[in-house]
Structures are given as structure tokens and as C-alpha cells.
Amino acid sequence: MASIDRIHRLLRLIELLQSGRGYNSTQLARECGVSRRTIFRDLKTLHDSGIAVRYDEERQTYALPARTMLPATELNLDEALALLILCQELGDAAQGIPFQRAARTAALKLTSSLPGALRDEATRLAANVSVQLDPHNPLDGSEAVFDLVQQALAHRRRIRFQYHSLFENGVINTLVSPYRLHFARRSWYVIGRSSLHRAVRTFNVGRIRQAELVDSTYDIPPRFSLDRHLGNAWRLIRERGRRRDVVVRFQPQVAHNVAEVQWHKTQRTTWNADGSLDLRVTVDGLGEIAWWILGYGEQAEVLEPPELREDLRRRFERLIEIYGR
């Protein structure tokens with residue numbers, strides 16, 4: 001709600017500055033019902049959003065040039081509302097997707113360009129809608145690496161970095177040709193060809209320790225696609241040569257919850273007479289899906305394949321050892 005209130009205030013500030021009359025900081029604060037300190041913060045937000053506020057040193061007033069108008073749009077209410085909500089929520093510094101704060105300034109530009117009645121209705125409705133993302137890695141301290149990867153993608157330059165690899169159990173050094181930046185499973189990932197592995201690999205941005213652009217360039221193979229690269233991975237980790245058909249039976253207590261979600265592109269579901277649900281998927285590797293099944297505890301039973309059933313049995317035996325102490 002606070003963010004929507006701020007958008008209303010910023011729009012009011014733009015209206016005042018475009019009125020043709022100069023306002024000093026005290027007058028702007030009074031008109032907007034906030035402190036002068038907040039007004040200075042808002043003026044900086046406008047500047048950072050590309051809205052050129054002029055300051056008259058002699059009169060000590062602020063104004064926007066008479067011709068300063070953001071581009072008109074032809075959005076209907078549904079389109080404006082959808083964009084406003086997505087920009088506001090996904091650009092939230094604390095709860096949104098990391099490094100997407102520019103979406104907040106995009107929301108300001110969008111709303112300020114709408115006709116008055118449409119703008120008021122869109123911001124009013126947006127105040128009653130929220131988006132809650134799953135918990136994710138805030139990637140504190142990784143923004144410089146993220147920006148460097150974006151530069152590498154934009155200019156097709158390779159990037160050399162040190163990476164803390166969980167699979168190699170230590171820090172590795174590799175030269176990477178980035179193909180995609182991909183947000184999934186609570187973090188940003190770089191997908192590209194690694195000189196060390198001589199193959200396309202996936203790297204978690206949060207585990208990149210040092211990074212630098214190099215002069216050598218590369219081309220993304222025309223046939224590369226993210227969907228083809230991930231194949232039938234349950235989430236991100238594709239285990240080549242280990243494609244398996246998996247059948248999991250969910251008890252009635254959680255069956256509807258499972259059925260309501262599209263967990264995988266190969267998903268098929270069958271309801272049983274007792275209210276339980278059989279979920280069938282075809283996955284490239286069993287490691288990731290095993291952890292997901294464990295989250296349902298005694299409410300889920302693996303029917304196929306036998307190797308996954310055996311793997312979970314060993315895991316549960318270990319849990320019994322831990323909790324039986």
C-alpha cells in the first residue's frame with residue numbers, strides 16, 4: 001500500500017511541476033502532505049527516472065519544461081493495471097526479483113503517461129492487488145556480477161570468473177560464453193558454454209566470486225534454446241542419459257493441492273476412487289524430483305521407478321536414525 005501511495009504522490013508532484021508555476025521545496029511538501037526531506041527524495045526519483053526537473057537558483061523553485069510530456073499510450077484499464085502491478089511488485093527492493101528495481105521507475109513513467117481518469121482508476125485498483133513471490137536469494141553483493149553478465153550478453157564478449165561449485169566441491173576458474181540469464185528456483189543463473197567443462201553449463205550468479213570481461217567474442221549457436229537445453233529436467237538440473245518415467249501417488253489430503261499446479265511440462269494426472277491422485281511425469285534425472293517428493297512426507301508414495309522408491313526408502317531410514325536418537 002505504501003508503494004501505491006508513493007506513486008500517487010509522485011504523480012501529484014509531476015502535476016505541480018508541469019503547471020507552469022514554480023514551486024519551492026516547502027510549497028511542494030505542503031501540497032503533497034510530506035516533509036521537505038521526502039520531497040528531495042522524490043525529486044531524485046524523478047531525475048533517476050529520466051524526468052528532467054529544472055531548478056531555478058534565483059527563485060529557488062522547481063519546474064518541468066512546458067513541453068515535458070511522457071509518450072502517450074493506448075492502453076486499456078486491464079493492460080495498464082497488469083503492467084503497473086507487475087512493475088511495482090517485481091521491482092520491489094525487498095520482495096521482488098533481484099536487480100529489477102528499474103521496474104519501479106518504469107511504473108512511474110507508465111502511470112504518469114496515462115489519461116487522468118484511467119491513471120486514477122489503475123492506481124486505485126493496484127492498491128488492492130499484491131503478488132507474493134516464493135522466498136529467494138536476495139543476491140546481496142552480486143549486482144556488479146549481474147551487470148557484467150548483462151554487458152557480456154549485450155556485446156557478445158566472454159566473461160572469466162571464479163565460481164564456487166557445489167559439484168566440484170570447491171572454487172573453479174572458467175571462461176564462459178553466456179547464452180542466457182535465467183531466473184528460476186529462487187535465484188539468477190547464467191547459462192553458457194564453459195571452457196573448463198567444454199559444454200554448456202548453468203552457474204548460480206550468487207556463487208560467482210570474481211568476474212571480468214575479456215576481449216574475445218563469441219556467437220550463440222542458432223539452434224540453442226533454453227527449452228532444448230533443460231530438456232525434461234524437473235527444474236534446472238538435466239541428467240543426460242537418465243530419462244525416467246515417474247509415478248507418484250498423493251493421498252486425498254494433498255491431492256487437490258497437487259492437481260491444481262502444473263509442476264512439469266510432461267505432467268499427467270489420474271484420480272483414484274479413494275480420492276488419491278497419481279501424478280505421472282517423464283524427467284531427465286531423479287535427483288531434483290526426489291527432494292520435491294520428500295516435502296510431502298507420508299502423503300506421497302513413489303510407485304515408479306523402483307530406483308527412486310529405493311532412494312527415498314534409504315532417505316527415510318536415515319531420518320528415522322536422526323529423529324530416533
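## Salt bridges, one by one

Tutor: In this predicted model, the count comes to 20 salt bridges.

Student: What makes D42 and R9 a salt bridge?

Tutor: Their side chains come to 2.6 Å, N to O. The cut-off is within 4 Å, so the pair qualifies.

Student: And which parts does that pair tie together?

Tutor: D42 sits in helix α3 (residues 36-48) and R9 in helix α1 (residues 2-17), so the bridge joins parts that are 33 residues apart in sequence. Both D42 and R9 are buried.

Student: Why is the contact between E212 and R160 called a salt bridge?

Tutor: The N to O distance there is 4.0 Å. Since the rule reads within 4 Å, the pair is counted.

Student: What about R314 and D311, how far apart are they in helix α11?

Tutor: They're 3 residues apart in that helix (residues 306-323), which means about one helical turn between them.

Student: Why is D311 called buried?

Tutor: Its relative accessible area is 19%, and the cut-off is under 20%, so D311 makes it. R314, with 44%, is partly exposed.

Student: Which residues are linked with them in a network?

Tutor: The salt-bridge network links E310, D311, R313, R314, R315 and E317.

Terms used: Residues are numbered from 1 along each chain as its sequence is written. This is a predicted model: local features need pLDDT of at least 70, side-chain atom pairs count only at pLDDT 80 or more; totals for chains, interfaces and linings use all residues. Side-chain values use heavy atoms; hydrogens and water are left out. Helices (H or I, at least four residues) and strands (E, at least two) are DSSP runs, numbered from the N terminus. Buried means under 20% relative accessible area, exposed over 50%, partly exposed in between (1.4 Å probe, protein chains only).
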